[in-house]
Amino acid sequence: MSAGRLAVAVDTDACCAMGRCAATEPRVFDQDPDSGTVVLLLAEPPPELHETVRLCAELCPCTAITVTED
């Protein structure tokens, strides 16, 4: 896949606080210390992070991560 623009959005209401995203790509995702829900650190990560960001969206059991590309 080409290194175009990739944008990430998270739905904190849908997040079930499993932490898979933060464990897989901590440069893009973190967890709220109180609720455990996802915290988005980079809404438009650089191309070198695109593959792991896509993986995070696939691994999310709550489908709380949306990735759009153009």
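Q: Where in the fold is threonine 63 found?
A: Threonine 63 is in the loop between helix 2 and strand 4; helices (H or I, at least four residues) and strands (E, at least two) are DSSP runs, numbered from the N terminus. This is a predicted model, in which local features need pLDDT of at least 70 and side-chain atom pairs count only at pLDDT 80 or more, while totals for chains, interfaces and linings use all residues. Residues are numbered from 1 along each chain as its sequence is written, and side-chain values use heavy atoms, leaving out hydrogens and water.

Q: What about phi of threonine 63?
A: Phi of threonine 63 is near 50°, which is positive in a residue other than glycine. Most residues other than glycine have a negative phi.

Q: And is threonine 63 buried or exposed?
A: Threonine 63 counts as exposed because its relative accessible area is 63%. The classes are buried under 20% relative accessible area, exposed over 50% and partly exposed in between, with a 1.4 Å probe and protein chains only.

Q: Which phi does alanine 17 have?
A: Alanine 17 has a positive phi of about 60°, although it is not a glycine. Alanine 17 is placed in the loop between strand 1 and helix 1. With a relative accessible area of 29%, alanine 17 is partly exposed.

Q: Switching to cysteines. How many disulfides does the structure hold?
A: The structure holds 1 disulfide, the term being a pair of cysteine sulfur atoms within 2.5 Å. Cysteine 16 and cysteine 62 form it, with their sulfur atoms 1.7 Å apart.

Q: What does that pair tie together?
A: Cysteine 16 is in the loop between strand 1 (6–10) and helix 1 (20–24), and cysteine 62 is in the loop between helix 2 (50–59) and strand 4 (65–69), so the pair ties together parts that are 46 residues apart in sequence.

Q: Right-handed or left-handed, that disulfide?
A: Right-handed, because the torsion about the S-S bond of cysteine 16 and cysteine 62 is about 100°.

Q: How accessible are cysteine 16 and cysteine 62?
A: Cysteine 16 is partly exposed, at 39% relative accessibility. Cysteine 62 is buried, at 17%.

Q: Other topic: where does glutamate 25 lie?
A: Glutamate 25 is in the loop between helix 1 and strand 2 (29–31).

Q: Buried or exposed, glutamate 25?
A: Glutamate 25 is buried, with a relative accessible area of 1%.

Q: So what does the side chain of glutamate 25 make a polar contact with?
A: The side chain of glutamate 25 makes a polar contact of 2.7 Å with the side chain of arginine 27. A polar contact of 2.6 Å joins the side chains of glutamate 25 and threonine 52. The term covers a pair of N or O atoms within 3.5 Å; within protein, one must be able to donate a hydrogen and the other to accept it, and residues adjacent in sequence count only if both atoms are side-chain atoms.

Q: Which residues does glutamate 25 touch, not counting those up to four places away in sequence?
A: With that exclusion, glutamate 25 touches Leu49, Thr52, Val53 and Cys56; contact means heavy atoms within 4.5 Å.
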